[in-house]
Amino acid sequence: MKLVFATNNLNKLKEVQELIPSRIQLLSLSDIGCTEDIPETSPTIEGNAIQKVQYIKEHYGYDCFADDTGLQVDSLDGEPGVYSARYAGKAKDSNANMLKLLTNLEEKENRNAQFKTVIALCINDRLHTFTGICKGTITKEKRGDQGFGYDPVFLPNGFDETFAELSLEEKNNISHRAIAIKKLIIFLNN
């Protein structure tokens with residue numbers, strides 16, 4: 001089975017390749033010659049994931065899946081949410097995003113947050129979605145050099161290490177993306 005994973009994020013691609021069974025040939029956007037920016041104009045995480053798979057199906061004809069992920073912080077009314085990648089501007093600079101987040105949380109006692117991933121799958125002209133959530137808190141400073149995005153400031157519940165301090169294997173056991181991917185895999189296996 002061939003499936004396109006509609007992402008240009010090589011870190012996400014690496015994480016997902018570790019989880020997908022070898023019988024599924026995972027194609028990237030570059031593998032299918034997709035170099036344009038796929039629109040992500042929905043006000044919701046779910047909507048952006050769906051928008052990406054519909055774009056690939058319509059323009060390239062492949063069965064595919066896409067994810068959209070947002071960090072939702074309770075005391076910031078769910079920010080950065082759907083704007084997580086460009087929280088500090090269009091440059092999608094992870095360090096700037098984390099700095100803005102930490103600055104916005106300086107006076108807040110409640111640092112509870114969650115990562116939410118929605119995977120949309122378009123296969124055999126049918127659409128399916130799978131959601132994964134990982135709850136935790138935002139640290140007061142960056143810790144660790146693994147992972148990407150907000151990983152250095154996200155401390156998952158029940159752990160003493162941020163996502164950026166955990167190994168990829170440890171993170172893939174508990175992360176929002178791993179939870180959603182596992183649901184996708186169960187669906188594909190049936």
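## Exercises on ring pairs and helix packing

At 32% relative accessibility, phenylalanine 187 counts as partly exposed. Keep this residue in mind as you work through the predicted model.

**Exercise 1.** Classify the geometry of the ring pair formed by phenylalanine 130 and phenylalanine 187, and work out which parts of the chain the pair ties together.

*Solution.* Start with the overall tally: there are five aromatic pairs. In the pair of interest, the ring centres of phenylalanine 130 and phenylalanine 187 are 5.6 Å apart and the planes meet at 55°, so the pair is tilted.

**Exercise 2.** Describe how helix α1 packs against α5: is the arrangement oblique or roughly parallel, and which residues make the contact?

*Solution.* Two numbers describe a packed helix pair: the angle between the axes and the distance between them. Here, the axes of α1 (residues 10-19) and α5 come within 10 Å and cross at roughly 45°. That angle makes α1 oblique to α5. Now for the handedness: the crossing of α1 past α5 is right-handed. On the α1 side, Lys12, Glu15, Val16 and Leu19 make the contact, and on the α5 side Arg177, Ala178, Ile181 and Ile185 do.

**Exercise 3.** Find which residues ring pairs link into a cluster, then locate lysine 100 relative to the ring of tyrosine 87.

*Solution.* The cluster consists of Phe115, Phe154 and Phe163. Lysine 100 lies over the face of tyrosine 87, 4.5 Å from the ring centre.

Methods:
Residues numbered from 1 in each chain as written. Predicted model: local features only at pLDDT ≥ 70, side-chain atom pairs only at ≥ 80, totals over all residues. Heavy atoms only, no water. Phe/Tyr/Trp six-rings, centres within 6.5 Å; stacked < 30°, edge-to-face > 60°. Helix = DSSP H or I, 4+ residues; strand = E, 2+ residues; numbered from the N terminus. Buried < 20%, exposed > 50% of the residue type's maximum accessible area, 1.4 Å probe, protein only. Lys NZ or Arg CZ within 6 Å of the ring centre and 35° of its normal. Axes fitted to C-alpha atoms, helices over the stretch in contact; angles between N-to-C directions. Parallel < 35°, antiparallel > 145°, perpendicular 65-115°, else oblique. Left-handed = near helix turned anticlockwise from the far one by under 90°. Contact = heavy atoms within 4.5 Å.
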